[in-house]
Amino acid sequence: MRGINVGGRNRLPMADLRRIFTDAGCSSVNTYIQSGNVVFSADIKSAERFAGRIGAAIEAEFGFRPGIQLLTGKELEQAIANNPYSDAVEDPKSLHVAFLDQMPGNANVQRVKKLLAPSESCKLIGHNLYLHAPDGIAR
């Protein structure tokens, strides 16, 4: 989910989010903190249709429709395998990955790189942008 529980806006309690996924036929539904990240099992024929169904349920109950991106377990495993910062595994809070729904142009990647602190680096691999920030990202 994109844009939920950020700055006090688009509040969506994780218990309600788990219920929405369970009501949609999912099992083993788990959420991660207040992030909107949901891990679940389901037999989904169309990711687009399923995301639309979840989005509509959230909008009906909470009055906003978040961006939804679905990844398979295999895609998550591939993202882990492709991690270009294997040394960062020792300090997991320093490693971040953004799952992009479309490929950014080279100009956008260069803009991101200009924002990096001297200790930071990022790499785009497929649709995943990896960020290594050993000094944290709270700035």
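Colleague: Read along the sequence, what pattern does the protein chain follow?
Modeller: Keeping in mind that this is a predicted model, the protein chain reads α-β-β-α-α-β-α-β-β along the sequence, with four helices and five strands.

Colleague: Okay, and which way do β4 and β5 run, and how many bridges join them?
Modeller: Strand β4, residues 121–125, and strand β5, residues 128–132, run antiparallel and are joined by five bridges.

Colleague: What is the bridge partner of Ile 125, then?
Modeller: Ile 125 is bridged to Asn 128 in β5, and the two strands form a hairpin with two residues between them. In that turn, Gly 126 has a positive phi of about 65 degrees.

Colleague: Changing topic, what does the C-alpha trace span along its principal axes?
Modeller: The C-alpha trace spans about 45 × 35 × 30 Å, while the accessible surface of the chain comes to about 9300 Å², with 52% of that surface belonging to carbon and sulfur atoms.

Colleague: And how much of the chain is buried?
Modeller: Of the 139 residues in the protein chain, 24% are buried. As for contacts with a separation of 6 or more, 49% of them are between residues 24 or more positions apart.

Colleague: Last one, how many positive and negative side chains are there?
Modeller: The chain has 16 positive and 14 negative side chains, and the centres of those two sets lie 5 Å apart.

Definitions and conventions: Residues are numbered from 1 along each chain as its sequence is written. This is a predicted model: local features need pLDDT of at least 70, side-chain atom pairs count only at pLDDT 80 or more; totals for chains, interfaces and linings use all residues. Side-chain values use heavy atoms; hydrogens and water are left out. Buried means under 20% relative accessible area, exposed over 50%, partly exposed in between (1.4 Å probe, protein chains only). Contact means heavy atoms within 4.5 Å. Accessible areas come from the Shrake-Rupley method with a 1.4 Å probe; for residues, only the protein chains shown count as cover. Lys and Arg count as positive and Asp and Glu as negative; His and the chain ends are not counted. The place of a charge is taken as NZ of Lys, CZ of Arg, CG of Asp or CD of Glu. Two strands pair if DSSP finds at least two bridges between them.
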